[in-house]
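Subject: Structure handover

Hello,

Here is the structure for you to look at. My notes on it follow below.

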Amino acid sequence: SSTAIDKARAGFLPKVMVDFGRMKTEQNVEQSENAIFGEGTARYFTTNNTLSISQPIFRKEVIEQFKQSEAVVKQAEYTVLAAEQDLLMRTVSAYLVVLAAKDSLALASAEQKALGKLVETAKKRRKHGLGTVTQQDDAEARFAYATAREIEAGSKLRDAFEGLREITGEYFKNVQVLVDDFPLEYPDPNDAQAWLDLALENNLILLASRESVNVARLEIKRQSAGHYPNLALKLNHNYKDEGSTLYGGGSVVETTELMLQLSMSLYEGGAVKAAIEEASYRYQKAQEEFEFEHRSLDRRTRAAFDSIVSGVSLIKALKKSVEAQQSALKSKLEGYKSGLNTVLPVLDAQSDLYLAKRDYLHSRYDYLINSLKLKQAVGSLSEEDVAY
């Protein structure tokens with residue numbers, strides 16, 4: 001935050017101190033060969049007030065600390081913005097998990113209902129001598145498995161809602177589903193290297209890591225400032241009201257001192273050298289972390305870009321697959337009703353249809369997530385990007 005700059009700037013400003021003192025003295029002179037000092041007991045008060053002003057003129061440590069504070073503020077700003085984008089990303093991801101779980105439950109219920117009808121049909125056909133026990137058992141086994149999947153899907157949906165509540169603090173009973181024909185778009189520009197260049201320039205986490213390297217580098221300079229001299233202008237004003245002295249009688253004295261002070265540490269047991277070495281190790285660590293984040297960002301950006309490009313084609317292909325599976329199921333159902341085939345091909349076609357539907361719906365969520373990941377990688381993710 002900006003408090004780091006304020007704290008560093010304070011090293012350039014004057015320091016003002018006031019010291020108030022009130023002292024009671026009891027003096028007993030029992031014997032003295034000096035005739036000036038009279039024997040006996042004396043009691044008196046002394047007032048001693050001092051005003052001190054110190055204005056730094058040159059402090060290398062403060063100069064480097066001020067430069068460092070600017071880097072600290074930038075690092076904090078990037079970190080906060082990155083955290084906001086991460087929260088947005090986690091919220092949207094949790095919301096899409098709810099939608100995916102809701103779709104899975106709807107598909108499981110529909111499949112279970114359709115299989116229930118096939119079980120009833122298989123029983124009737126067997127009763128009239130048109131089917132076999134094996135065919136009925138196959139249908140009932142598929143129905144039981146579909147029932148179990150429906151129960152599991154309901155459990156996952158409840159957990160998905162809890163996951164969303166964990167992030168938002170609110171429990172949503174209803175969620176707005178995706179429209180079926182939301183636009184599928186390739187990245188613009190449709191060039192992976194262009195997105196990589198944008199990510200390296202604008203990714204908030206990478207920018208924060210870069211500033212972390214800068215902070216560590218300036219820390220070496222700040223610690224090295226221990227070898228530099230400090231120059232300051234000092235003003236002291238003292239007011240002393242003494243009720244008595246060893247020489248007898250009291251006095252009131254005002255003293256003003258103006259001093260140009262140069263100080264330099266010659267040796268502190270190797271503390272400065274040790275601090276510089278520690279700062280150097282931290283700088284090396286920050287560089288390695290930056291390089292790791294650089295490589296990680298490269299991978300994440302490429303993965304998101306490739307997933308969007310392939311996702312557009314995948315969604316279109318899966319949509320055609322669903323249409324084809326629906327047509328195949330319809331044909332096999334007609335063949336089963338007319339006695340041209342058994343129930344097993346119908347069961348397989350129905351299973352393939354609902355599997356294709358699940359893959360199609362989930363591929364849409366993957367596409368959306370990867371689109372948001374790509375925008376997060378280049379630091380442009382905002383609330384407007386999730387308003388579908």
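Start with helix α7. It has 35 residues and reaches 51 Å from its first C-alpha to its last. That is close to the 51 Å expected at 1.5 Å a residue, where the expected span is 1.5 Å times one less than the number of residues. Helices here are DSSP runs of H or I with at least four residues, numbered from the N terminus. After α7 comes G379, with a positive phi near 75°.

A word on the source. This is a predicted model, where local features need pLDDT of at least 70, side-chain atom pairs count only at pLDDT 80 or more, and totals for chains, interfaces and linings use all residues. Residues are numbered from 1 along each chain as its sequence is written, and side-chain values use heavy atoms, leaving out hydrogens and water.

Packing next. Helix α2 (residues 60-127) packs against α7 (residues 343-377) at about 170°, with axes 11 Å apart. Axes are lines fitted to C-alpha atoms over the stretch in contact, and angles run from 0 to 180 degrees between N-to-C directions. The pair is therefore roughly antiparallel, a label for angles over 145 degrees. The contact residues divide into 18 nonpolar, 7 polar and 6 charged. Nonpolar covers Ala, Val, Leu, Ile, Met, Phe, Trp, Tyr, Cys and Pro; charged covers Asp, Glu, Lys and Arg; the others, Gly among them, are polar.

Now the core. The largest nonpolar core has 59 residues, and L96, V98 and Y367 touch the most other members. Such a core is a set of buried Ala, Val, Leu, Ile, Met, Phe, Trp, Tyr and Cys residues joined through side-chain atoms within 4.5 Å. Helices α2, α3, α4, α5, α6 and α7 each supply at least two residues. α7 gives the most, with 16. Beyond its neighbours within four places in sequence, V98 is in contact (heavy atoms within 4.5 Å) with L157, A160, F161, L164 and V175.

Q136 is in α3 (residues 133-168). Its relative accessible area is 10%, so Q136 is buried; the cut-offs are under 20% for buried, over 50% for exposed and partly exposed in between, with a 1.4 Å probe and protein chains only. Q136 touches A122, K123 and R126, not counting residues up to four places away in sequence. The C-alpha atoms of Q136 and V343 are separated by 8.3 Å, yet 207 residues apart along the chain.

S209 is in α5 (residues 204-224). S209 is buried too, at 14%.

A328 is in α6 (residues 271-337). A328 is partly exposed, at 28%.

Best wishes

Technical notes:
Parallel < 35°, antiparallel > 145°, perpendicular 65-115°, else oblique.
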